[in-house]
Amino acid sequence: MSNLVDYRLDQKTAVRIRSFTCFLLFLGMKVLYDFSVWAFSGVLKMASGGDSKLARLVKGRKPVFDQVTAFRKNFSGEVAWFHVASLGEYEQAKPVIAKLKQACPAMAVLVTFFSPSGYENVIKKNQPNVDGVTYLPFDTEGNAKQFLTLVKPSVVFFVKYDLWANFIFEAKKRNVPLFLFSASLRKEQVYFQFYGGFFRKVLKCFDHIYTQNVQTQQLLKKIGIPQATVTGDTRYDNVQSISQSPKVFPEIEALFKDKKVMVVGSAWQEDMDVLLPFINSHADYHYIIAPHDIDVGQIAGWQKQIKHQSIRYSELADNPSKDINVLFIDNIGMLSSLYQYARAAYVGGAFGKGLHNILEPLAFHIPVLFGKLRKVSKFPEAGISQQYGCGFEVENAEAFEKIVLALDEKETYTKAVAAAEQLVRDNLGSADKIIKGVLNNVQWNKKEG
């Protein structure tokens, strides 16, 4: 009997030791995390001269607390705070924001950005359903406390990733409902490593996590997070909305009316290396090319390599010629609507930092080509589009030509168009599922007048 008692005492002691050890490890990681954020922000501040992206990232944050104070003076009721990393994540948030506003029209929406490329694009014009836009302060405990004290959110949403620990821990301390949506996690990420306890604690703060896929849900369950539901990718809802009411560009429509057009979205040099041989050898196609970076020198270099007449969009008004084969888009904000003029699309980025949004052209029910992916698991939509028969991966210029010529066959093209339409239709409704789930988790779930 005494041996059994001693065994149970040893068990309890072991559990306490493990708990205490985990606590110490958490404290150690927390200190390291806070130091890293402090050092990172300090280095950025030292490099904040000029007008570089890093400089804008620092300077843009200086008025944040004044902006939030002014926002709160205009909106004294309940606030939903959405945090996104940049423009792509904001596009994922937009359908959810719209659904939340439908359910709770009196609730104000504040969106924070980490990246200047997202923030600077969004503030240029009014955003439907959004009442305030600002940067997220750097993730220190002091900033998190001050920000949440000023905003007093009734609910907090993080989109996909960009999970800042101090803000999440502070919201949790205040019992603010926390949700993560459009989550798409991979087993090689820190959350699923033996040293990832601190970051798992961040994930466990969320009241519920809405995932893009079953794989993410299963990974979360393995680390003790059962509160996860598969709701799909909200980008389908967003691109469907764009395709139903695209921006219209009469000058482009007049230029390419009744012509066979390919739209190239987010083109890098590696993509142009694949495209240029086809552009020069197939004059029956016309091209609208939106570079990833608006670099006049790079565009001029591409123009020199093209045998046919080309022009930049900014020059189009002064050159109304109808004999232009290639139009380069030298501004930001047009691409998602340009696919309405296309017979097919090529989307860049796969050879380099990452594939741009292939769902935008698919929403217009056209086949889409893209480079051979380096990071397959990061872009599951590429594999899904290939399974449906509307997405086509190309490794080089020869493969690109072969697929485009195959799509010139009427039956092949018709099948690809039908597949694109089916893919988008099968994946709509994510935002609605998320907001219905959220409303079941919070107290303000009655529609407000």
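**Burial, sheets and loops in a predicted model**

Colleague: What percentage of the 449 residues in the protein is buried?
Modeller: Buried residues make up 51% of the 449. Buried means under 20% relative accessible area, exposed means over 50%, and partly exposed lies in between, using a 1.4 Å probe and protein chains only.

Colleague: What kind of model is this, and which pLDDT limits apply?
Modeller: It is a predicted model, in which local features need pLDDT of at least 70 and side-chain atom pairs count only at pLDDT 80 or more, while totals for chains, interfaces and linings use all residues. Residues are numbered from 1 along each chain as its sequence is written, and side-chain values use heavy atoms, with hydrogens and water left out.

Colleague: How many helices and strands are there?
Modeller: The protein has 19 helices and 14 strands. Both are DSSP runs numbered from the N terminus: helices are H or I with at least four residues, strands are E with at least two.

Colleague: And what about the accessible surface?
Modeller: The surface comes to about 21,500 Å², and carbon and sulfur atoms account for 55% of that. Such areas come from the Shrake-Rupley method with a 1.4 Å probe; for residues, only the protein chains shown count as cover.

Colleague: Of the contacts with a separation of 6 or more, what share joins residues 24 or more positions apart?
Modeller: That share is 67%. A contact means heavy atoms within 4.5 Å.

Colleague: Turning to the sheets, what is the strand order in the open sheet of seven strands?
Modeller: The order is β10-β11-β9-β8-β12-β13-β14, with parallel pairing. Two strands pair if DSSP finds at least two bridges between them. The edge strands, each pairing on one side only, are β10 (310–312) and β14 (391–394). On average, neighbouring strands of this sheet are turned by 20 degrees against each other, direction ignored.

Colleague: Which strands of that sheet does helix α12 touch?
Modeller: Helix α12 (residues 269–281) packs on the sheet and touches β8 (260–267), β9 (285–291), β11 (326–328) and β12 (344–347). The direction of α12 makes about 160 degrees with that of β9. Axes here are lines fitted to C-alpha atoms, for helices over the stretch in contact, and angles run from 0 to 180 degrees between N-to-C directions.

Colleague: How many bridges join β13 to β14?
Modeller: Four bridges join β13 (residues 368–371) to β14, and the two run parallel. One of the residues involved is Leu369, whose bridge partner in β14 is Phe392.

Colleague: Elsewhere, how many residues of β5 are buried?
Modeller: Six of the six residues of β5 (residues 178–183) are buried, so this strand is largely enclosed by the rest of the structure. Strand β4 (residues 155–159) runs parallel to β5 and is joined to it by four bridges; Val156 has Leu178 as its bridge partner in β5. The chain passes from β4 through helix α7 (residues 165–173) to β5 in a right-handed β-α-β crossover. Right-handed means that, with the strands pointing away from the viewer, the path from the first strand over the helix to the second runs clockwise.

Colleague: Which strand does the chain reach from β5 through α8?
Modeller: It reaches β6 through helix α8 (residues 197–204), and this β-α-β crossover is right-handed. Strands β5 and β6 (residues 208–211) pair in the parallel sense over four bridges, and Ala183 has Thr211 as its bridge partner in β6.

Colleague: Where is Ser385, and is Ser385 buried or exposed?
Modeller: Ser385 lies in helix α16 (residues 380–388) and is buried, with a relative accessible area of 0%. Beyond neighbours within four places in sequence, Ser385 is in contact with Ile358, Leu362, Phe370, Cys390, Gly391 and Leu423.

Colleague: How many disulfides does a search of the whole structure find?
Modeller: The search finds zero disulfides, a disulfide being a pair of cysteine sulfur atoms within 2.5 Å. Among the cysteines, Cys104 is buried at 1% relative accessibility, and Cys205 is buried at 8%.

Colleague: What is the phi of Asp162?
Modeller: Asp162 has a positive phi of about 60 degrees although it is not a glycine. Most residues other than glycine have a negative phi. Asp162 sits in the loop between β4 and α7 and is buried at 14% relative accessible area. Asn175 also has a positive phi, near 60 degrees; Asn175 lies in the loop between α7 and β5 and is exposed, with a relative accessible area of 68%.
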